[in-house]
Amino acid sequence: MAFNSPVLLPVLKADDDEQELVDPQAALREKCQAKGHIGSLYNKYQECNDRVNGKSKTTETCMEELFDFVAELDHCVAHSLFSKLK
């Protein structure tokens, strides 16, 4: 059975006088990354990345360090992100 009738979808337009929207997650990520333990996880990830990029043939990856860093960062952001959403 084919539907030939047009589907009407609502169209939302932003007011021109509204200021540009800012993603609160990006600001919270910067704030959380400045915390000591998350910054140290980022440094650990960067050290691993530099070590792996310095070798020509290696099977080592930095996935564990990356996952540790991102998990802690997201955990920190989650505490206050949803209270900032409208």
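Predicted model: local features only at pLDDT ≥ 70, side-chain atom pairs only at ≥ 80, totals over all residues.

Student: OK, what elements run along the protein chain from the N terminus on?

Tutor: The order is α-α-α, with 3 helices and 0 strands in the protein chain.

Student: Which residues of H1 and H3 meet?

Tutor: On the H1 side they are Pro24, Gln25, Leu28, Arg29, Cys32 and Gln33, and on the H3 side Phe69, Leu73, Asp74, Cys76, Val77, Ser80, Leu81 and Lys84. Sorted by class, this contact of H1 with H3 has 8 nonpolar, 3 polar and 3 charged residues.

Student: And at what angle do H1 and H3 pack?

Tutor: Helix H1, residues 24-33, and helix H3, residues 63-84, pack at about 130°, and their axes are 9 Å apart. That angle makes H1 oblique to H3, and H1 passes H3 in a right-handed crossing.

Student: Switching to H2, how is that one placed against H3: roughly parallel or roughly antiparallel?

Tutor: The angle between H2 and H3 is about 155°, with the axes 9 Å apart. Angles over 145 degrees count as roughly antiparallel, and H2 and H3 are therefore roughly antiparallel to each other. In this case H2 passes H3 in a left-handed crossing.

Student: Who makes the contact there?

Tutor: From H2 it is His37, Ile38, Leu41, Tyr42, Lys44, Tyr45 and Cys48, and from H3 it is Glu65, Leu66, Asp68, Phe69, Glu72, Leu73 and Cys76. The classes for H2 with H3 are 9 nonpolar, 1 polar and 4 charged residues.

Student: How many aromatic pairs are there?

Tutor: The count comes to 1 aromatic pair. Tyr42 and Phe69 form it, at 5.2 Å centre to centre and with 55° between the planes, which is a tilted arrangement. Tyr42 lies in helix H2, residues 36-53, and Phe69 in helix H3, so the pair ties together parts that are 27 residues apart in sequence.

Student: Is Phe69 buried or exposed?

Tutor: Phe69 counts as buried, because its relative accessibility is 8% and buried means under 20%. Tyr42, with a relative accessible area of 31%, is partly exposed.

Student: Zooming out, what share of the 86 residues is buried?

Tutor: Buried residues make up 17% of the protein chain. As for contacts with a separation of 6 or more, 63% are accounted for by residues 24 or more positions apart.

Notes:
Residues numbered from 1 in each chain as written. Heavy atoms only, no water. Axes fitted to C-alpha atoms, helices over the stretch in contact; angles between N-to-C directions. Helix = DSSP H or I, 4+ residues; strand = E, 2+ residues; numbered from the N terminus. Parallel < 35°, antiparallel > 145°, perpendicular 65-115°, else oblique. Left-handed = near helix turned anticlockwise from the far one by under 90°. Contact = heavy atoms within 4.5 Å. Nonpolar A, V, L, I, M, F, W, Y, C, P; charged D, E, K, R; others polar. Phe/Tyr/Trp six-rings, centres within 6.5 Å; stacked < 30°, edge-to-face > 60°. Buried < 20%, exposed > 50% of the residue type's maximum accessible area, 1.4 Å probe, protein only.
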